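Reader: I have a model open and a few things to ask about it. Can we go through them one by one?

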Amino acid sequence: MLDKIVVQTRLAVAAAKMDEPLAVIDSQVVSGSFAFSAAIKKTKWALIAECKLASPAKGTLCNKYTVLELAQIYANHGATALSVHTNAAFRGHIGDIVKVKAAVDLPILCKEFIIDEYQLYTARAAGADAVLLIAAILSDAELVRFLQITRELGMDCLVEVHTLAELIRVQQTEAKLIGINNRDLQTFTTNIAQTFTLLNHCEPDHVVISESGIKNGEDAQKLKTAGVKGILVGESLVIANDVAAMTRELALSGSK
Ligand SMILES: O=C(O)c1ccccc1NCC(=O)[C@H](O)[C@H](O)COP(=O)(O)O
């Protein structure tokens, strides 16, 4: 499934480059101010709340709200930052970041399968404060180059790892914001125990975010006790009967 998403993303990037060459995008870019990492560092506990309307594994997750409505609920109920899916496999679009940026005063992570530096410029031009870099789909050289470009654009990188081997690779780079993803990339099942395992191997100066499969405040509290700085949550929020209450539960339980 991941390979398929990456292939489709390469095609989409090639088409976008024909439409709007890098030079055009670059001329629209205003450098950021690392607002994403600043917001995470200054809080005791960070909830990165994800606008996730669909997933390739589960199909539609949320029909009740638009991306903007979800972002507004999250912002009004204690989220530290937002994650906005821009990939078509998640029913996302880069334009969603533009809409959310114009209306919601929280830093935004562009949730994309970044495989080309062009996407870093489009993310920043849309108003993203951070991008996700997935170690599993990038070479060491790409990781280093993308981290450098992102820094020059004033954006943060959440560098995502699924395994110890990926964490060791990422530790050779300048990355300081590490996302431990609890989703197994072969089976797509989630288990927060993956965070407990990999956390022991993180450097003391790493800011660690646990991602995927976090169901409720109880999970959040366990992760906080283990030592992570925050969580990134999509599905449990968007499928909740009361999205506002779930946002408060996840935001507050880690800060107790
Ligand atoms: O969410 C999926 O099904 C998925 C499938 C294939 C590749 C990546 C996938 N998820 C990407 C994510 O990073 C999640 O949206 C994010 O970590 C939030 O996870 P969750 O809280 O479990 O929705």
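Reader: Which strand and which helix each supply at least two residues of the shell around the ligand?
Author: Strand 10 (230-233) and helix 11 (235-238) each do that. Keep in mind that this is a predicted model.

Reader: Which residues come nearest to the ligand?
Author: Ser 55, Ala 57, Ser 212, Gly 234 and Glu 235, out of the 20 residues around the ligand.

Reader: And how do the residues of that shell divide into nonpolar, polar and charged?
Author: Eight are nonpolar, seven are polar and five are charged.

Reader: Switching to backbone angles. What is phi of Phe 34?
Author: Near 55 degrees, which is a positive value in a residue other than glycine.

Reader: Where is the place of Phe 34?
Author: Phe 34 sits in the loop between helix 2 (22-28) and helix 3 (35-42).

Reader: What about phi of Phe 188?
Author: Also positive, near 65 degrees, and again the residue is not glycine. Phe 188 lies in the loop between strand 8 (177-181) and helix 9 (193-199). Phe 188 is partly exposed, because 14 other C-beta atoms lie within 10 Å.

Reader: Last topic, the annotation. What feature does UniProt place at residues 2-250?
Author: The UniProt record, an unreviewed entry, has "domain: Indole-3-glycerol phosphate synthase" there.

Reader: How far apart do the end C-alpha atoms of residues 2-250 lie?
Author: They are 28 Å apart, and the span is 45% helix and 18% strand.

Key. Residues are numbered from 1 along each chain as its sequence is written. This is a predicted model: local features need pLDDT of at least 70, side-chain atom pairs count only at pLDDT 80 or more; totals for chains, interfaces and linings use all residues. Helices (H or I, at least four residues) and strands (E, at least two) are DSSP runs, numbered from the N terminus. A residue is buried if 20 or more other C-beta atoms lie within 10 Å of its own, exposed if 12 or fewer, and partly exposed in between; C-beta atoms are placed from the backbone. A residue is near a molecule or strand if its C-beta atom, placed from the backbone, lies within 6 Å of it. Ala, Val, Leu, Ile, Met, Phe, Trp, Tyr, Cys and Pro count as nonpolar, Asp, Glu, Lys and Arg as charged, and the others, Gly among them, as polar. UniProt positions are given in the numbering used here, feature names are shortened, and annotations may be inferred rather than shown by experiment.
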